[in-house]
Amino acid sequence: MLELAGLPLPIGSEFSPDESQIAAAYFEKMPKPIVIKPTDARSSQGVTVGISTLDEFEDAWQHAIAEGRAESGILIEQFVPGVELRAFVVGNEVAGVVARVQPFVVGDGNSNIDTLVSNLESERRVNVRAKMFSVDVAWDFVNRQGIFRDTVPESGAIVFLSPFNFPTMGSSVVDVSDIVSKGIIELARRAGNAIPHLEVSGVDLLVGDLTDEKTAYVIEVNTAAALDMHRYPTHGSSRMVDEDIVAYFHGVYQQGGA
């Protein structure tokens, strides 16, 4: 449906779990790197990114099968770099847009990484949503940057703590509703409205430049999108999208139905 609506999408195709050989042949023809994920899972379960070799492909294929459901297919998709956005679409309007950013700390020139992480955990306790999830530091990932527990980053230096931006791993949620271009807002609106009779949705996009819709790709449309990341972002303004939903349906029923 997104393709029929003329929206920019990553190149990809879906396969059944018993089509690994066909999928491997497809993978070899694709531009690298790629992403493999089950078609029926949640919270990014079973997703592997940055796959470039057949060995990596085989591991990712098995991981997607293991984490998917019995009826899941396997999606092979072009890897698109950029910032991941979630746009909350209500009716014909975008009620809010947040960026999901992998956990990070900012150096002050005095504190080591362990201290900065501890300070980050303390800061997150004031946010009703963030305090539910501890920051999951991927030390292998951090160490590959040449940074260790006792490293003291320079003032203003940003150190990413994980390659993943999953909320359950302590990612930051930043409201960017007033920053993204009108073109990106329009892409999100069109994506939500591309699904017939879907009146409330969460549209996921990957965007290379928040001011340029030409760098944006629509990843998926969520039919039961979370409200709390817009109501309780870790940074930026709160968006009461639940009130937007009520106002939308109030208007629909006042007019005698959609």
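Analyst: In this predicted model, arginine 129 is found in the loop between H3 and helix H4 (139-143).

User: Why is arginine 129 called buried?

Analyst: Buried means under 20% relative accessible area. Arginine 129 has a relative accessibility of 10%, and therefore counts as buried.

User: What makes the pair arginine 129 and aspartate 228 a polar contact?

Analyst: The cut-off for such a pair of N or O atoms is 3.5 Å. The side chains of arginine 129 and aspartate 228 are joined at 3.2 Å, and this is within the cut-off. Leaving aside residues up to four places away in sequence, arginine 129 touches Pro167, Val173, Asp228, Met229 and Tyr232.

User: Which residues line the largest cavity, and what is its volume?

Analyst: The lining consists of Arg124, Asn127, Arg129, Ala130, Phe133, Pro167, Ser171, Val173, Tyr232 and Thr234. The space in this cavity is about 50 Å³. By class, its lining has 5 nonpolar, 3 polar and 2 charged residues.

User: Why is this space called a cavity?

Analyst: The word applies where a 1.4 Å probe fits but cannot get out, whereas a pocket is an open set of points. The count comes to 1 cavity of 30 Å³ or more.

User: What is known of the second largest pocket?

Analyst: Its volume is about 300 Å³. Of the 17 residues that line this pocket, Phe104, Leu120, Glu123, Arg124 and His235 are the closest to its centre. Strand E7 (104-106) and helix H3 (113-124) each supply at least two lining residues, and H3 gives the most, with 5 residues. The lining divides into 9 nonpolar, 6 polar and 2 charged residues.

User: Why is glutamate 77 called buried, and where is it found?

Analyst: Glutamate 77 is found in strand E4 (residues 74-78). Its relative accessible area is 10%. The limit for the term is under 20%, so glutamate 77 is buried.

User: How do you know that glutamate 77 makes a polar contact with lysine 37?

Analyst: Their side chains are 3.4 Å apart at this contact, and the cut-off is 3.5 Å. Beyond residues up to four places away in sequence, glutamate 77 touches Pro10, Ile11, Gly12, Met30, Ile34, Val35, Lys37 and Ile219.

User: Why is glutamate 186 called partly exposed?

Analyst: Buried means under 20% and exposed over 50%, with partly exposed in between. Glutamate 186 has a relative accessible area of 35%, and is therefore partly exposed. Its place is in helix H5. Glutamate 186 and valine 97 are 89 residues apart in sequence and 12 Å apart in space, C-alpha to C-alpha.

User: Which residues of the largest nonpolar core touch the most other members?

Analyst: Of the 22 residues in this core, they are Leu85, Val203 and Leu205. Strand E5 (83-90), strand E6 (93-101), helix H5 (182-193), strand E10 (200-207) and strand E11 (216-222) each supply at least two residues of the core. The largest share, 4 residues, comes from H5. Apart from this core lies another, of 14 residues, among them Phe27, Ile34, Ile51 and Phe57.

User: What does leucine 85 touch?

Analyst: Residues up to four places away in sequence are not counted here; the contacts of leucine 85 include Val97, Val98, Val176, Ile184, Val203 and Leu205. In soluble globular proteins, nonpolar side chains tend to be buried together.

Notes. Residues numbered from 1 in each chain as written. Predicted model: local features only at pLDDT ≥ 70, side-chain atom pairs only at ≥ 80, totals over all residues. Heavy atoms only, no water. Buried < 20%, exposed > 50% of the residue type's maximum accessible area, 1.4 Å probe, protein only. Polar contact = N/O pair within 3.5 Å; in protein donor to acceptor, adjacent residues only side chain to side chain. Contact = heavy atoms within 4.5 Å. Core = buried A, V, L, I, M, F, W, Y, C linked by side-chain atoms within 4.5 Å. 1 Å grid on protein atoms, 1.4 Å probe; cavity = no way out; pocket = protein on both sides within 12 Å on 5 of 7 lines; lining within 4 Å. Points joined across faces, edges and corners; volume = space filled by probe spheres on them. Nonpolar A, V, L, I, M, F, W, Y, C, P; charged D, E, K, R; others polar.
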